[in-house]
Amino acid sequence: MSNRNGISEFYNTPNAEPDEKGLITRAVVPLQGMVIFPNVVSPLFLENPKAVEAAEAALNDEETVIGLAQRDPTVSDPGPEDIYTVGTEIALGKILKMPDDSNSVLAQGRRRVEVIEFTQTEPYLIARVRVVEEEVDRSPEKQAMMKAVVNLFKRAVDLNANVPEDILVYAINTDDPGWLSDLVTSTLSLNTDESQRVLEMFDTSTRLNHVAMLLGKELSVLELEDEISTQVQLEMERSQREMYLREQMRVIQTELGEGDVFQEDLNDLREQIAAANLPGEVHDRSVKELSRLSMMPPIAPETSMIRSYIEWLTSIPWNNESEDNLDVRHAQKILDEEHYGLPKVKDRILEYIAVRKLAQEKMDSPILCFVGPPGVGKTSMGKSIAHALGREFVRVSLGGVRDEAEIRGHRRTYIGALPGRIIQTMKRAGTTNPVFMLDEIDKLGADFRGDPADSLLEVLDPEQNNAFSDHYMEVPYDLSKVLFITTANDLDPLPPALLDRLEIIEFPGYLEEEKIAIAYQFLIPDQLETHGLQDQEVHFELSTLQTIIREYTYEAGVRNLKREIANVCRKVARLVAEEKRYPHTITPKHVTRYLGPPYYIGTRTLDEDTVGVATGLVWTYGGGDITLIEVSLLPGKGNLTMTGNLGDVMQESAQAALSYVRSRAEEFDVPSDDFEDYDIHVHIPEGAVPKEGPSAGITLATAIMSAFTERKIRSDFAMTGEITLRGKVLPVGGVKEKVMAARRALIKNIILPAHNEKDLQEIPRKALRDLNMIFVDNMQQVFDHVLLDPPAEGRKRDLNREEDDDEELTEKAGE
């Protein structure tokens with residue numbers, strides 16, 4: 001009992017002697033969060049004052065105690081209802097005082113016991129218990145099960161460094177299945193409930209089988225932990241090896257005078273930051289990122305990301321501004337040299353240069369939007385503007401862009417993140433004030449990744465773009481000095497909020513005369529030089545260009561005209577290269593020979609005055625054109641049939657025209673029965689071409705009225721205008737193109753709404769000299785000009801109706 005470590009005390013403490021009923025009475029020590037098994041030595045921490053008092057009393061009397069696990073370890077003063085009824089008789093060693101004022105004692109489990117009753121609760125618990133006797137079964141089945149458990153336990157000990165080898169020796173040498181089960185269970189990582197469940201298994205076979213199952217689960221966890229630990233160890237060894245090799249390489253490079261590559265990169269970045277003349281906030285951000293980079297090992301994954309970010313910060317122009325050429329006459333000369341016509345566009349640019357010259361610091365850069373059909377020079381005009389101002393020109397095509405990140409960039413948390421197209425293009429420009437063209441803005445798309453048009457709201461707003469925020473850069477960037485120019489073929493797809501930020505400048509289609517001038521001034525000289533014919537004295541006749549424009553192209557711009565001229569030049573160039581005879585003057589006959597049959601056949605005008613056929617004027621993407629509207633009356637029930645691929649609006653115009661004609665039928669001596677006895681068929685030729693719009697209203701009404709009155713329509717008239725149910729003629733668009741289409745078709749008399757008279761200012765005066773422009777307010781004025789007098793013999797339908805009536809009267813008289 002004198003051993004200082006307190007271990008020999010519980011070896012000398014005898015087990016309790018049972019009374020005549022086989023029961024023993026001993027003090028109870030509640031166990032918090034643990035279970036002590038028989039024949040197992042375990043440290044015991046005593047925090048409950050009653051447990052300490054019970055332990056001290058047992059030590060003084062040299063008696064054992066009953067260790068019972070608490071159901072809830074957080075209960076500070078457990079009663080009989082708070083502890084399990086199956087426990088272990090244990091012998092205690094010397095109580096030791098710990099630095100944290102708690103008490104510790106070494107305990108040895110002796111026997112399983114089951115509580116019969118509690119005989120005392122104060123000052124500590126005392127219970128009468130029954131000793132659980134276990135039979136030692138050494139049958140072959142039990143020996144086989146014990147061997148299996150030992151083999152599993154051996155594997156677990158190999159994987160678990162916390163289990164001493166001595167315990168494995170005890171497990172191998174024991175022949176008691178109950179003790180083996182208890183010994184193995186005491187080493188497993190089980191909670192109190194699971195350990196108590198094993199303690200309460202009195203049958204050794206059941207207990208051994210259960211312990212084998214628990215040991216299998218524990219082994220699975222240990223094997224997984226070992227696999228993870230092995231992988232981590234391998235990765236650490238690889239990283240350490242790489243670091244060691246890199247350090248060796250660094251030393252070798254130092255000895256060779258080559259220096260540290262990573263340190264050289266840091267020095268280069270530091271020099272870039274110093275030379276970039278960055279704004280204060282951007283400079284602080286770049287220095288901070290460089291400091292982070294310098295503290296990282298070169299092999300860290302984030303190293304390349306930070307290096308790329310710093311390089312982007314230093315490569316974008318922050319203060320590099322090109323000087324504008326504000327000479328208005330110089331700008332006008334360049335614009336006129338590089339583009340024919342387009343006076344509105346040129347005037348707007350010259351006004352911008354003039355105002356910038358007078359109030360440079362107060363003027364915001366405009367946000368222009370060039371709208372027009374393909375091939376009219378929208379993109380090339382942007383280049384000419386940059387040339388005139390002396391600025392850099394950059395272009396971004398937005399066609400098919402569907403991801404918002406294409407505009408604003410990706411956040412740096414993503415692998416391979418980059419700034420958006422705006423910042424990338426500014427880097428390419430190299431200055432803070434380029435001419436920035438956003439091409440095909442009407443072709444933007446939208447999907448689950450966001451709407452790019454919403455991102456452009458900030459870019460194209462002069463009130464916001466002085467602090468544009470890119471997701472990748474994370475610092476504001478000033479776009480207020482950029483001259484943004486957007487292009488579009490159609491404004492309908494643009495959101496209203498975006499459209500509100502744009503200054504719309506329309507690019508109308510070129511007239512035939514303008515196309516010819518462009519061909520002589522730009523296209524033909526350029527193609528002759530491209531094909532090496534500039535010294536061969538090749539010329540194009542005026543009639544040749546007219547033939548190409550009318551029969552081989554159908555467009556508002558000159559892109560296809562340029563293509564066909566190039567086609568002709570290639571044919572001539574081949575003849576020159578083969579040293580054969582070639583034409584010096586290209587005539588219409590050569591066009592047919594080189595280009596083949598005409599691609600387009602224009603709408604033929606009427607050769608004579610006709611009933612029910614009127615000539616209308618239409619606008620298309622290829623410019624203006626004429627069209628014939630035909631109306632026929634067929635015996636029927638008054639149905640209106642419309643053919644020719646007509647859109648909803650045009651069909652409604654035809655219905656409105658018919659309603660107007662019916663309202664005035666009596667004035668034009670049209671019997672009301674005609675509208676019930678005849679079907680009306682309205683047809684517009686070229687059915688493969690969709691037709692839409694209200695501008696054919698007066699033409700439809702004229703053709704319908706002619707069909708019912710049988711009054712011929714003058715073939716030398718063409719017309720356009722919207723009609724109301726009251727016969728009012730409303731203004732329409734595309735007047736310039738429509739008038740020039742009539743002029744090309746050699747129609748001299750053109751009827752337009754009175755409100756469109758102002759639109760004639762856009763038409764060259766020389767084109768109007770041989771035209772008779774007639775402006776009308778109502779349909780009666782149209783009828784007065786185009787409807788000829790009724791036939792002298794009367795309408796055929798009336799004559800047929802009279803003959804039918806005479807025959808009917810004759811038949812009745814005969815009866």
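Predicted model: local features only at pLDDT ≥ 70, side-chain atom pairs only at ≥ 80, totals over all residues.
The second largest pocket is lined by 37 residues, and E506, F507, P508, E737 and E762 are the ones that lie nearest its centre. By a pocket I mean an open set of points, on a 1 Å grid over the protein atoms alone, with protein on both sides within 12 Å along at least five of seven lines, and lining residues have an atom within 4 Å of a point. Residues are numbered from 1 along each chain as its sequence is written, and side-chain values use heavy atoms, with hydrogens and water left out.

Staying with that pocket, about 1100 Å³ of space lies in it, and α12 (343-358), β14 (503-506), β17 (613-620) and α25 (735-744) each supply at least two residues of its lining. Sorted by class, that lining has 18 nonpolar, 10 polar and 9 charged residues.

K736 forms one with E514, the closest N and O atoms being 3.7 Å apart. This pair links distant parts of the chain, since K736 is in helix α25 and E514 in helix α18 (residues 512-530), 222 residues apart. Both K736 and E514 are buried, where buried means under 20% relative accessible area, exposed over 50%, and partly exposed in between, with a 1.4 Å probe and protein chains only.

What do the side chains of E474 and R412 form where they meet? They form a salt bridge, at 3.5 Å from N to O. E474 lies in the loop between β11 (468-469) and β12 (476-477), and R412 in the loop between α14 (405-408) and α15 (421-429), so the pair ties together parts that are 62 residues apart in sequence. E474 counts as partly exposed at 37% relative accessibility, whereas R412, at 17%, counts as buried. Both residues belong to a network of salt bridges that links R285, E289, R292, E302, R412 and E474.

Lastly, the side chains of E578 and R574 meet in a salt bridge of 3.0 Å, N to O. Here E578 counts as partly exposed, at 35% relative accessibility, and R574 counts as exposed, at 57%.

Methods:
1 Å grid on protein atoms, 1.4 Å probe; cavity = no way out; pocket = protein on both sides within 12 Å on 5 of 7 lines; lining within 4 Å. Points joined across faces, edges and corners; volume = space filled by probe spheres on them. Helix = DSSP H or I, 4+ residues; strand = E, 2+ residues; numbered from the N terminus. Nonpolar A, V, L, I, M, F, W, Y, C, P; charged D, E, K, R; others polar. Salt bridge = Lys/Arg side-chain N within 4 Å of Asp/Glu carboxyl O.
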